[in-house]
Amino acid sequence: MRNLLRMAAVATSLAVAVPAAAQYTFTQPGQEPQPMLQMSSGWNNVARVNVGVGFYNSGWANCYSSYWSYPYAGYCTSGSYTSYIPFLVGPQVDVNLGGMNNISVGFTVAFGNVTTTVYNQVTGLDESATKSVTLWEPTLDYVAKFGPQSQDTVGRFRVGGAMYIGPNSTLGGAFRIGGGASFLSTNRLGVGLDLVLEGGGFNGYWIGGLQLLVSPEFHF
């Protein structure tokens with residue numbers, strides 16, 4: 001009976017000690033154990049405001065080659081090149097689905113000038129025109145985040161799609177892929193950096209672009 005009481009006392013002591021010990025990390029002999037509770041902030045979701053610049057271009061040409069002369073020559077009867085370098089701003093929210101998986105929903109507004117250069121076959125000259133354009137861009141991405149939430153810097157990779165809404169209800173869409181990182185992730189407030197590539201169509205023309213973004217972040 002006495003041995004049973006001793007065994008019960010030891011088991012009770014272990015049951016109390018194990019959860020308490022689990023709160024501490026392993027350290028070198030002679031050092032005080034550090035609480036493990038500091039290793040995870042518990043903030044898996046992120047709300048940010050993206051601010052940056054975009055570089056977009058689109059072009060087409062009607063060209064043919066002459067094989068009746070040597071050397072062979074190429075001729076273009078018409079063509080166009082369009083560039084768009086807007087200022088970008090908009091909100092975005094990353095919702096954690098568990099582990100490294102996240103869904104990111106955002107909305108970007110682009111302000112800038114569109115410059116179009118058209119080849120005039122009659123004059124043989126390039127003619128340019130510039131117009132101010134605002135482009136509205138809802139986005140939906142899958143985001144994979146790398147690194148534990150306990151570390152200050154967490155990298156991310158995103159892939160998804162965007163819709164373009166331009167003047168006079170002109171529409172388009174694009175495929176998106178990019179990468180970035182969140183800094184100060186263990187704090188409530190942090191900073192994010194992202195580079196996103198986009199490619200698709202707008203108003204019947206091919207369009208490709210690059211976004212460089214910096215964002216204040218709120219972790220929750």
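1. Asp-94 is buried, with a relative accessible area of 0%; buried here means under 20%, against over 50% for exposed and partly exposed in between (1.4 Å probe, protein chains only). This is a predicted model, with pLDDT of at least 70 needed for local features and 80 or more for side-chain atom pairs, while totals for chains, interfaces and linings use all residues. Residues are numbered from 1 along each chain as its sequence is written, and side-chain values use heavy atoms, without hydrogens or water.

2. The partner to look at with Asp-94 is Arg-48: the two form a salt bridge, with 2.8 Å between the closest N and O atoms (a Lys or Arg side-chain nitrogen within 4 Å of an Asp or Glu carboxyl oxygen). Arg-48 sits in strand β1 (residues 46-66) and Asp-94 in strand β3 (residues 87-98), 46 residues apart; strands are DSSP runs (E, at least two residues), numbered from the N terminus. Arg-48 is buried too, at 3% relative accessibility.

3. Arg-48 also meets Glu-217 in a salt bridge, at 3.0 Å from N to O. Glu-217 belongs to strand β9 and Arg-48 to β1, so this pair ties together parts 169 residues apart in sequence. Glu-217, like Arg-48, is buried.

4. Do have a look at Arg-158 and Asp-194 as well, whose side chains form a salt bridge at 4.0 Å, N to O. Arg-158 is in strand β6 (residues 154-165) and Asp-194 in strand β8, so the pair links parts 36 residues apart in sequence. Both residues are buried.

5. Through shared partners, salt bridges join Arg-48, Asp-94, Glu-137, Asp-141, Lys-145, Arg-156, Arg-158, Arg-176, Asp-194, Glu-198 and Glu-217 into one network. The structure's count of salt bridges comes to ten.

How values were computed. Helix = DSSP H or I, 4+ residues; strand = E, 2+ residues; numbered from the N terminus.
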